[in-house]
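Subject: Structure handover

Hello,

Here is the structure I promised to pass on. Please look it over, then read my notes below.

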Amino acid sequence: MATILTVDDTASMRQMISFTLHSVGHEVIQASDGQEALKVIEGKKVDLVIADINMPNMDGITLLKSLRALADYKFTPILMLTTESQEAKRQQGKVAGATGWIVKPFNPEQLLTVVKKVLG
Amino acid sequence: MNGPLSFNPSVLSHTASWPRWWLWAVVGMMVSLSWTVPFIPWWAGLGSGLCAVLTLTILAFYARRQHEERPLEGEEVLGGHDAKQVLDQVDALMSPSKDIEQIPQVDEVLQNMAADNQRRRLEDLMRRWVDVAQRYSEAALVLRKDIYSVIKQTEQAANTIASSFEAVINKATIQARQAMELLEGTQGATSDGVPQSLKDFIQVSDERLNKMADEVVRVADLSVNMVRELDGVQSRTQAIDGFLLDVEKLADQTSLLALNADIEAARVGEHGRGFSVVASEVRRLSKRSHEFSDRIRVHLKEVRTGLSKTYGNMRMLSAADMEHALQIKEDVVSLTRSLEDKNREVAETVSCINEISKEIAQDVRNVVVSLQFHDITSQKLSGMLEPMDDLRRSLYHLMQETINLDKSLLKNLPNNERWLSRMRDEPAPGSAAKPMKNAVQEARTIHQATDNGPAVELF
């Protein structure tokens, strides 16, 4: 099973993502914004990152760019889980190197399917 | 609030003059006609007076209608709420085309009144404006506090609900797993001949009880065979009885033969003495043969009695064994069926528990989807805060400019400058749940979130 980092400023969202991923045996690490996420992954490698876009301190797109700048996370799948659904935002995420885009509210089964797919 | 700025129609009205004129005309007419009273009959005077009154009434009626159809200049009611409208109306009144302009006194009065009305109107508008701004700013602050409180409370509630449902699903999963283990335990395989499950226990018990019942049946069969054998032995003892009768007959004949020999020996005298001894010996043997035969018969009778008792017991035993064996077999079958039914019920119950656990898991998944609307609504509410704050800040600047124009406006306001400073106050840092660069755009984005593009897209 994989180690997954979930980044969202809403505690209940982090809780629901963790709960969904735990149910199939994944280990989940949580962070409340981009800055905390970068601190959390220091010295460790996660298999997948699921991040929100709108967050205080450091938003999801900035986090995405920061992660892609790290050698360890150049090819790590990063899914954006957000309320944003506009095509411009999607393109912004795609250009920044996002692996996929999931619009909230997520369906647990759907999330698990996508996670399974991107983890290979 | 148009009262202080609206024109008083009575000031410019000419309508008050015509009824007075009409009354004076009637009185004059009556006085003038009173001179004719001594010279004409009273009825002619009265008729002329009535005719005059009637004529004047008709004239007055037409004069009034004409006045109502075409209002006099300056008689318009300046009831608009807009300062521009008031000014337009005043301009219209001041227009050179108006007939009233030709009267210098009226023009001056009208100009003063219009200026006075405009000033009062503007003052009233400014007071209203300040009042609205004050009320909005107070409401905006309360609303901001309430929205922030709602966001926090719903977040806490959502966290609690999410934790509770996580606990529910975890417990349901454990329950289902334990039930499955129980089911697997009751359905599992045997090891070293020892039953490990209820199913195996039933199977082994069934096999062993069946074996035992078969053994009992076999023993019962043996008992039946033994009874048959005993029947044979009994019949053979009866044959021995017959043989004993033959032996007794032989002994009787031997005794009779010995008696004849003894008689013959007596007839020959001394020469037959030896023969007489032999005859006596033969008779004694015959007697002993009788005695043996009697003793055999006694023993045989005892044997037969014993056999008869054994035969009866064996018959009872074999019948009882068979009945018991059949009863045991029936009980074993019934017990096995009962255990199998119970086992099936356990399996069905466990299966049902498993299904319920799956349903709970599905329900919880639906709850997970629904609970995410807390995040969405929080963002929407947060999106409302920034435009509200912008509006409040804009109002503050406008208010300052307005009050700088006329400081007296503050005097009439409750808590005068205190609320103005509150309007200026910036919200506490971090009071908004989410930073919004463009709150209006964010709100629109959130609103469209479910309608715009696929829910999941892999690049």
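Which residue of strand 1 of chain B does Gly100(A) stand opposite? Gly100(A) faces Leu458(B) there.

First, some ground rules. This is a predicted model, where local features need pLDDT of at least 70, side-chain atom pairs count only at pLDDT 80 or more, and totals for chains, interfaces and linings use all residues. Residues are numbered from 1 along each chain as its sequence is written, chains are lettered from A and ligands numbered from 1 in the order in which they are written, and side-chain values use heavy atoms, with hydrogens and water left out.

Now the strands. Strand 5 of chain A pairs with strand 1 (residues 456–458) of chain B. The sense is antiparallel, over 3 bridges. Strands here are DSSP runs of E, at least two residues, and helices are runs of H or I, at least four, numbered from the N terminus. Pairing takes at least two DSSP bridges between two strands.

Next, the interface. In chain A, 39 residues are in contact with 38 residues of chain B (heavy atoms within 4.5 Å). The two chains bury about 3,300 Å² between them, 57% of it on carbon and sulfur atoms. That is accessible area (1.4 Å probe) lost on being put together, summed over both.

Finally, the charged pairs. The rule finds 3 salt bridges across the interface of chain A and chain B (a side-chain nitrogen of Lys or Arg within 4 Å of a carboxyl oxygen of Asp or Glu). Lys104(A) and Asp375(B) form a salt bridge at 2.6 Å, N to O.

Best wishes
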